[in-house]
Amino acid sequence: MYAEYLPRPTTPATALRSVESMEITTTELGLAARVQHLSRSYGREDGAVRALDGVSVGIRRGQFTAVMGPSGSGKSTLMHIMAGLDAPSSGRAWIGDTEITGLGDLELTILRRRRVGFIFQAFNLVPTLDALGNIMLPFELDGRRPSAMERARIDGLIQSLGLGPRLGHRPHQLSGGQQQRVAIARALATAPDLVFADEPTGNLDSRSGREVLSLLAAASAEHGQSIAMVTHDPVAASYADRILFLADGRLVAEKPRQRADEISRFMLGMEVAA
Amino acid sequence: MSAVLERPRAAASTAQAGSRRLAWLRERGMGATILVAAISSAFGVILIAATGYITSIARADPYLGESGSIAFVLGILTVVFVGLAMYIASIVTANTFATVIAGRTRQIALLRLIGASARSQRQRVAAQGLVVGVLGALAGLLGGIALAAAGIWAIGRMLGLDGISHTLLDPAFALPAIVVALTTWAAAWSGSRAVLRVTPLQALAGSVPATHGDTGNRRVRGGGAIVLLAAGAALLGLGVLVGLFSPLGVLIAFVGGVLSFTGIALGAVIFIPPVLRLIGRLFGGSVTARLAAQHALRHPARSSRMAIGVVMGVALVTMFAVALESMKGVLAAELGSELLAEFTSVIDAVSAIMMGLVGVSAVIAAVGMVNLLTIGVVQRRRELGLLRALGLSNRQVRAMVMLEAAHIAIAALVAGLALGIVYGWAGAQSAFGSISTNPLGEVMPTVLWPAVPLWPMVAVVCATLLLTLVATVVPTRLATRVAPVEALAAD
């Protein structure tokens, strides 16, 4: 079932089809997910807060993208909507070629289960399940066992993340870094269209943090995994292939890979300009 | 939990300062506590009134006369049934206050941060327990008196007993109300222990909730419970043996039964988790079933205390039903068919009344089940949010909460039925074992088979499952409202 979402080269045939349907698809754009004219307001009309204001952007397939911005810039809201966790006030969003705006709760739930991987800042793991149980959770929620290919993929992940000796441990028996590695294994296990990481290093010491970032960068570089990471940490963002900057609910800049000090300087410049 | 946030803006005026001080009464759980206190207090009042009324009728009867034995037997039954109701009510209230505190953690932490001592915070919670206890007890007292008066009037009219002189206001009515108020206070104190574990740090954003329950890090204090159980079981066995030769065996068995049952109740944390584990295994390996089964064991003390309330009710009903049914077997051999039919109808009536009386405790236990499931949902908002984000559908969330409830209810049913059959049989055997049923007239002790009456048991099972189902309505609604984004929210 994942075959239809695998990267597809843009051939003349698909170009022709897009002309026929009068709409170019996310896949044809080389994107894993995208949003168009996205706005999101919170609260009632009189005191409404505009968290996102007409944002159009895509997460490139096979790349590690960082989304940066100061607190209140709308970066978390943007990612929540892209990952199917929240609904926009207006605008459209796609994961792969599926438009997710307008989907019902159950459809969104199944979409997240099968096509999105999540790594949160903290409280990533279900406390009553051991590490392996947490890694297998997306399959179990789907009521199926992993196929032989998926099983091999999971074994490979466990191996490369060094989780072998920890599989029977419950989350409270694991260090913060180990917990994040379990979360990474879980997020990558289903080979989702998009892995969504929300400040994945926010609760870690700098060494474990660097480890987690290298693992994410490797997943994208070596296995073509599309990853979107929300962060306010320039060091974390420096591991990404591409950096999107948000401020006041708008996309203000987009940059290729940068060094941490360059990112830092740019962020400071944004603050001063505001 | 949200009462503080939802306080009306107009409350700034001094006229409303008083209502603001009582805003905590609107918190989730307080209403349930008042309800539970009112039910048990009213139940006590009604049973005392009924005992008094039946004794008055007996006194007026020329054949029964001044015999005090009826009043004595009714008195014991009143103590047993009201005691059971109050015991379950206090478990429920303690659990409820634990729920309330789970919802207030942030607020308590904030007060601790600015200098309040944990002890003063706990005393405040206990004082609130006393207030709701008194409110509930008074409501129950008044409601109970009204219901008793109405019932006595109706029965008097129905049976044409106009000549019975009976006071509708007995000073003894105050007794259950006072006991209920005090036990509610004590239960609030015991349930508020969690206040001591709240640290000022928890007021700061981003604190990670404790992710594992009280498994393992608490040593079980169960020595006394096991000794009681062993001694009680030995006496029960002795009573059965003595019963083969003399009906007095039932007295020994009675003491044994009370001791062993107390042991089981006190040692619930030891005896219930294995049953929970067993039942959890029966639910199968689906992820919702596994999460539900493991959740009930995450707070074994809380789940066990809740389950034991249901166990006691089920065991008591089953015990009476089995004892009476077994007795029928003995009587069938002793009495003629005409007398037997008469006895059977009396026995069935007694059995039905017992069930009705235990039913009150069952309703209180159902309120407790609501609270138990609610606290599970409230304390797991982030976990539920995480599961929702990862792809647990709302339907699966609902199934999970229902399975949690079913888990505890079925474990309690199985344990209660098993205990009830053993106690019922032991009671009947020790009381009637010496009655010879040998038709040849040769005196021989009788060994009874435990006779389990089908319909009363079906009624018990159905009533328990129905109450459980009703109890899941509120918690499932609460759980399905948890948004996936809550997994990311900082507390």
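Biologist: Which strands of chain A does helix α6 lie across?

Modeller: Helix α6 of chain A, residues 176–189, lies across β6 and β7 (194–198) of chain A. Helix α6 runs at about 175° to β6(A). This is a predicted model.

Biologist: And α7, what does that touch?

Modeller: Helix α7 of chain A, residues 206–223, packs on the sheet and touches β3, β7 and β8 (227–230) of chain A. The direction of α7 makes about 155° with that of β8(A).

Biologist: What is the strand order in that sheet?

Modeller: The order is β6-β7-β8-β3-β9-β10 in chain A, an open sheet of 6 strands with mixed pairing.

Biologist: Which are the edge strands?

Modeller: β6 (116–119) and β10 (250–256) of chain A, each pairing on one side only. From one strand to the next, the twist averages 20°.

Biologist: In which sense do β3 and β9 of chain A pair, parallel or antiparallel?

Modeller: Parallel: β3 (residues 64–68) and β9 (residues 242–247) of chain A pair over 4 bridges. A:A66 has A:I243 as its bridge partner in β9(A).

Biologist: Changing topic: how many residues does each chain put into the contact?

Modeller: Chain A gives 24 residues and chain B gives 22 residues.

Biologist: Which elements of chain B give two or more residues to the side that touches chain A?

Modeller: α9 (287–296) and α12 (381–390) of chain B. α12(B) gives the most, with 6 residues.

Biologist: How do the residues on that side of chain B divide into nonpolar, polar and charged?

Modeller: On the side of chain B that touches chain A, 12 are nonpolar, 7 polar and 3 charged.

Definitions and conventions
Residues are numbered from 1 along each chain as its sequence is written. Chains are lettered from A and ligands numbered from 1 in the order in which they are written. This is a predicted model: local features need pLDDT of at least 70, side-chain atom pairs count only at pLDDT 80 or more; totals for chains, interfaces and linings use all residues. Two residues are in contact if their C-beta atoms, placed from the backbone, lie within 7 Å. Ala, Val, Leu, Ile, Met, Phe, Trp, Tyr, Cys and Pro count as nonpolar, Asp, Glu, Lys and Arg as charged, and the others, Gly among them, as polar. Two strands pair if DSSP finds at least two bridges between them. Axes are lines fitted to C-alpha atoms, for helices over the stretch in contact, and angles run from 0 to 180 degrees between N-to-C directions.
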